Amino acid sequence: MSVTTILARCQNAGHFRCRWCWNGGRDRIANASSFNRILLLEAGGEPSVLNDIPAWMPTSRTNLQTLKVMTTRGKMLGGSTSTNFMMYVRGNKEDYNRWSTEDLGGDPQWNYENLLPYFKKSEDYNGIWASEPDATEYHGKGGLLNVETSDFQLGADEFLAAALEKGYTIGDYNGATQEVFSKFDMTTQDGWRESTYRAFYRDTGKPSNLCIKKYAHVTKINFQEVSERPIATSVTYRRQGITRTVVATREIILSAGTLESAKILMLSGVGPADHLASLNIPLVMDLPVGEKIPVMFG
């Protein structure tokens with residue numbers, strides 16, 4: 001089987017949950033050109049009706065004796081946007097700018113200034129900062145993802161009043177600076193969770209050039225040497241007890257979250273050479289994959 005783009009979103013069995021995975025991206029890619037043939041490999045199935053209820057949210061637990069973090073997973077279409085706390089918080093702009101610098105091996109196109117138009121394009125902003133003079137600079141209207149400020153934020157008014165009394169700034173944390181106090185903007189609409197599955201797929205219809213394989217567990221990304229460089233060319237996955245490999249003619253997008261993306265890369269031979277050697281995994285590229293993960297959960 002050969003397709004233009006493979007979107008790999010696999011979470012294998014275990015307790016850890018990946019961070020936010022924007023499944024809406026699959027439909028953006030599919031709608032960008034009808035000539036693209038998109039295959040989405042999803043480890044789970046469709047969310048249940050319970051996932052539409054905003055109060056239905058998981059919790060994380062830490063075992064103080066073993067220091068292991070157990071947290072729920074978004075093993076379904078929509079990823080963790082179908083299970084998270086729905087707080088709409090973009091990353092800090094300086095993080096994007098740092099990631100795009102050459103000393104971190106990044107691409108300058110991934111800085112905050114270049115990414116902001118895509119945040120705005122996906123968003124239909126109806127929050128409390130919509131009437132501010134600079135709202136259109138940082139927020140979008142008419143996108144598929146509804147963002148609003150929830151009225152039910154217990155104690156928020158008192159908290160903000162106390163912050164203001166102490167001289168702190170009240171403002172939009174997705175705006176010019178995040179060093180402000182504010183109520184949370186939420187990905188909800190009409191009292192329901194606005195997951196990426198609902199916003200970009202269920203309520204808008206499936207693009208004809210998008211094929212979704214549910215309950216497909218990605219086990220490996222396969223590489224070939226091209227001009228002395230390893231190029232990802234295919235993905236191996238397991239579904240209904242059968243292992244298959246699908247070839248991509250253009251690109252492979254790995255979107256399995258913080259933990260599982262690192263795991264899949266290392267199973268594919270991309271990671272710290274010493275660690276892969278200890279597991280008898282053939283090395284494709286020696287990179288510090290996963291080394292920052294303990295910092296996130298420390």
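This is a predicted model: local features need pLDDT of at least 70, side-chain atom pairs count only at pLDDT 80 or more; totals for chains, interfaces and linings use all residues.

Modeller: Residues are numbered from 1 along each chain as its sequence is written, and side-chain values use heavy atoms, with hydrogens and water left out.

Colleague: Why is Glu 123 called buried?

Modeller: Buried means under 20% relative accessible area, exposed over 50%, partly exposed in between (1.4 Å probe, protein chains only). Glu 123 has 0% relative accessibility, so it counts as buried. Glu 123 lies in strand E5, residues 123-126. Strands (E, at least two residues) and helices (H or I, at least four) are DSSP runs, numbered from the N terminus.

Colleague: What makes the pairing of the Glu 123 and His 139 side chains a polar contact?

Modeller: The definition asks for a pair of N or O atoms within 3.5 Å; within protein, one must be able to donate a hydrogen and the other to accept it, and residues adjacent in sequence count only if both atoms are side-chain atoms. The side chains of Glu 123 and His 139 make such a contact at 3.1 Å.

Colleague: Why is Phe 223 called partly exposed?

Modeller: Its relative accessibility is 27%, so Phe 223 falls in the partly exposed class. Phe 223 sits in strand E11, residues 217-226.

Colleague: How do you know that the buried residues of helix H5 share a side?

Modeller: Helix H5 (residues 156-165) has Ala 156, Leu 160 and Ala 163 as its buried residues. They span an arc of only 60° around the axis, so they lie on the same side of H5. The arc is that of the directions from the helix axis to the C-beta atoms. The face turned away from the buried side carries the exposed residues Glu 158 and Glu 165.

Colleague: What makes E12 and E13 a pair?

Modeller: Two strands pair if DSSP finds at least two bridges between them. Six bridges join E12 (residues 229-239) to E13 (residues 242-254), and the strands run antiparallel. They form a hairpin with two residues between them.

Colleague: What makes a nonpolar core, and which residues are in the largest?

Modeller: Such a core is a set of buried Ala, Val, Leu, Ile, Met, Phe, Trp, Tyr and Cys residues joined through side-chain atoms within 4.5 Å. The largest has twelve residues, including Leu 39, Val 218, Tyr 237 and Ile 252. E13 gives the largest share of this core, three residues.
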